[in-house]
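Okay everyone, thanks for coming.

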Amino acid sequence: MIEFEMPKPIAQQNYVLKTVADNMMRPVSRHFDEHEHEIPWDYINFMHMAMRATGAGSLAPRERPKDEKKEEKPDEEKKKRPPIAYQMLAFMLETLSWGDVGIYLVTPGGGLGSAAVEAAGTPEQKQKFLARFAEEKPTFAAMAMTEPQAGSDTSAIRATAVLDKETNEWILNGEKIFVTAGHKALLESQGFVVVWATIDPKAGRAGMRSFVVEAGNPGATVTKLEHKLGIRASDTASIVMQDCRVPFDAMLGSPEIVTKSTKGFKGAMATFDATRPLVAATGIGVARASLELLIETLAAQGITIRYGLPRQKLTNIEREIIDMEVMLRSAWLLILKAVWMADNRKHNPMEASMSKVRAGDVVTKVTQKAVEIMGPLGYSRDLLLEKWFRDAKITDIYEGTGQINRLIVARNIFDYSGSELR
Amino acid sequence: MYSFEPSEEQKMLVDAINRYAITDLRKQAHQAEEDNQLPIPLVEKGWELGFLQASIPEAFGGFGERSAVTGVLAAEELAYGDLAGAMAILLPGLFATPILLAGDDAQKETYLPPIVEAEWTPYTSALIEAQFDFDPNKLNTVAEKNGKGYLLKGEKIYVPFAEEAHAVLVYAQYGGDTQGFIVPKDTEGVEIVERQKVMGVNALPLYKVKFNDVLVPRENRLGGEAGHDFAPILDASRLGLAAMAVGLSRAAFEYARDYAKERDVFGVKVAQKQTIAFMMAEMVTEIEAIRLLTWEAAWMVDNNKEDASKEAYLALTGAMDMAMMVTDRAVQILGGHGYIREHPVELWMRNGRGIATMLGLTIV
Ligand SMILES: Cc1cc2nc3c(=O)[nH]c(=O)nc-3n(C[C@H](O)[C@H](O)[C@H](O)COP(=O)(O)OP(=O)(O)OC[C@H]3O[C@@H](n4cnc5c(N)ncnc54)[C@H](O)[C@@H]3O)c2cc1C
């Protein structure tokens, strides 16, 4: 049955996270925007403590080990509650990003790196690499695909992995850029970076594999931290690998995939199906913050929005705001559907990309319009609005640009392969 | 809980309507538009799918409960076939649904059974007036109380099937609010001025109707002596229209998709050109986004949520823009062929523009 009732656990989570956003994020937003590369440890430590206590927080929901001892419940109670882990995450990310998306991005627990392990790793690998997030100190993970010459076109990556048969180790070489949380993963915690590299440069996608490079590996060096338009609390690192040795089983997936063709690449894509709607959700949080501030500012001046009037009777401002609400709510519902599908194990690449396309469009438009309508107030750094404008833009760029996600949607529409529609 | 999965019953209904939309409605839409007339057997067949009948309780001749969610699913699927046909099939609802929502018991008992137990019979309503900024909450048609009942004065346009209708639900301003008044056929003072010619939906007969001091007995005020709240009727009208916009847009999208995949340009298919492919990706995203907004609004209406009216308003606002965006692009993707009336996309574009002015022509 079609339903839009927010499940209780989500409502409770929202309530708690709103307090976190109000008290731990908003008050320091401006500071961390103006002090790029400073690390918001208070927030990090708090979140780490809180997530350890509740078990929440990975970007990919963890499968919990089955508890054998659980008592048998009577039939009716046994009826499984519908799974909502991805929905919980989408709401969590939206609310935290409503607080501050740059700070949200430094939430410990692994982000995209864990999501990759979760999507492609064997049970042993998940155990080995993900257990660390529950330990005492906050730990970070990152995902490194992009290279200077290869962004959208991931098949153009040049980083290589060669097997040293004597030691049974992989030797990685190459340069990765724009690695979110790369610095924190390797230098500020005992974390790891999931690095994509090719085991056969001539094989294109078929040669691509992902490798877990752990903190402390002398072969991996953080060489640069970017200075950015927005999300400045989040570190964006360059990582150079020079004869970086990792054990054989640091390659994600079962050993057979060493020989089997495009499974590695498909692993990356499966990760994106799961994470795109979540990234879209972060953008929605920023745009919602902007729209709320705009509406509050207008209300303080006695301007309320007269919903229900024909467009011809609305003022321009009312019309703009109503259009923004339409965009924002409908974009959010696309995300909700995509994560609901993920929760119910329905194949969702098209929905994931649609949600990202729309969110990318909507959050940039809403934040840009909000700054325009707020006039000199919007442009001033006295308010956070101008920052949200800068923060929102990244939504349309990472995890597949708006164009790349349009391509994916269009290929689905026409049933085209990548070579039929480039 | 969130769920985007219609119930089994809803799926069955949608499937049945979908078959009818493709094999009947869509096939005859072009001719009906050119003829300015829908074949009545076609409409009767659509009526027999039983959507309205299933939303009226047994006590009043039907066999179910009204659900706005089911309503938007059905309306979308009908309009996927043809907008004029969809509105004609749901026409009796323009009269019956407001009575179900806001009528008193006597009105429900008097009017609902004969409508739902019969074959398709034209019953209609009159809301729209000739003003650029027409506002359903600020009508120029007025009702004045007198000793015997109410006197209706004013002029309505776009009254579907006014000539043929057994009764019209006329909306008029009374004490500052919009109120419905039941006016049977041949009531004195009701003047059918003319059949109107409009840009699209020409298969749906629309009339200009004058109400020259039409006397309406007291018991014919919708809701009886106390009258009624207009908001639920407006919500249901917005939802129906928004859902039809989604169905219409889906039809245009699919037609353009299939065409683009067949047509060769510069040695490749039109669909292989990114500029076209991206347009299509945006169209499908827009349609799905507005569909979900419409679903949510309908669900809110069904569950008496506080913001239901606002959400229904937002859904229709989005739907207006979606319909224009998608249908315009569908014509563009067919190029010159899109401009030719042999292809349906130009009709869909004309109908798509109509969504912004058709509030009151359907209800779910
Ligand atoms: C702040 C930030 C954080 C990031 N975090 C990470 C991270 O953690 N891990 C990671 O691996 N990467 C990360 N990235 C990289 C990001 O995913 C890429 O920047 C993005 O995928 C685009 O690649 P590019 O910058 O090389 O642009 P290009 O691929 O060079 O694209 C340039 C333009 O061409 C368009 N374009 C490209 N291909 C096509 C096509 N086929 N059809 C039509 N248009 C096309 C693009 O949409 C874009 O507009 C991050 C980037 C930033 C800015």
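So, which element gives the largest share of the lining of the largest cavity? What you're looking at is a predicted model.

Let's start with the empty space. Rolling a probe the size of a water molecule over the atoms shows where empty space is left. Searching the whole structure this way turns up 3 cavities of 30 Å³ or more. The largest cavity holds about 70 Å³ of space.

Who lines that largest cavity? Among the residues there are Leu94(B), Pro98(B), Tyr171(B), Phe230(B), Ile233(B), Leu234(B) and Ser237(B). Two elements each give two or more residues to the lining: helix 5 (91-102) and helix 7 (231-262) of chain B. And here's the answer to my opening question: helix 7 of chain B gives the largest share, with 3 residues. If you sort the lining by class, you get 8 nonpolar residues, 3 polar ones and no charged ones.

Now let's zoom out to the domains. Chain B splits into domain 1 (8-116), domain 2 (124-226) and domain 3 (231-357). Where does the largest cavity sit relative to these? Domain 2 and domain 3 of chain B both give residues to its lining, so the largest cavity lies between them.

What about domain 1 and domain 2 of chain B? Their centres, taken over C-alpha atoms, are 22 Å apart. As for touching, 19 residues of domain 1 of chain B are in contact with 21 residues of domain 2 of chain B.

Is Thr294(B) buried or exposed? Buried, because its relative accessible area is 1%, and the cut-off for buried is under 20%. A polar atom of the Thr294(B) side chain lies 2.7 Å from the backbone oxygen of Ile290(B). Leaving aside neighbours within four places in sequence, Thr294(B) is also in contact with residues including Val72(B), Leu239(B), Ala242(B) and Ala315(B).

Last stop, chain A. His183(A) is found in helix 7 (residues 182-186) of that chain. With a relative accessible area of 16%, His183(A) counts as buried too. Not counting residues up to four places away in sequence, what does His183(A) touch? Glu188(A), Val222(A), Leu225(A), Asp235(A) and Ala237(A).

That's my tour, so over to you for questions.

Definitions and conventions: Residues are numbered from 1 along each chain as its sequence is written. Chains are lettered from A and ligands numbered from 1 in the order in which they are written. This is a predicted model: local features need pLDDT of at least 70, side-chain atom pairs count only at pLDDT 80 or more; totals for chains, interfaces and linings use all residues. Side-chain values use heavy atoms; hydrogens and water are left out. Buried means under 20% relative accessible area, exposed over 50%, partly exposed in between (1.4 Å probe, protein chains only). A polar contact is a pair of N or O atoms within 3.5 Å; within protein, one must be able to donate a hydrogen and the other to accept it, and residues adjacent in sequence count only if both atoms are side-chain atoms. Contact means heavy atoms within 4.5 Å. On a 1 Å grid over the protein atoms alone, a cavity is a set of points where a 1.4 Å probe fits but cannot get out, and a pocket is an open set with protein on both sides within 12 Å along at least five of seven lines; lining residues have an atom within 4 Å of a point. Grid points are joined across faces, edges and corners, and a volume is the space filled by probe spheres set on the points. Helices (H or I, at least four residues) and strands (E, at least two) are DSSP runs, numbered from the N terminus. Ala, Val, Leu, Ile, Met, Phe, Trp, Tyr, Cys and Pro count as nonpolar, Asp, Glu, Lys and Arg as charged, and the others, Gly among them, as polar. Domain bounds come from an automatic or database domain assignment.
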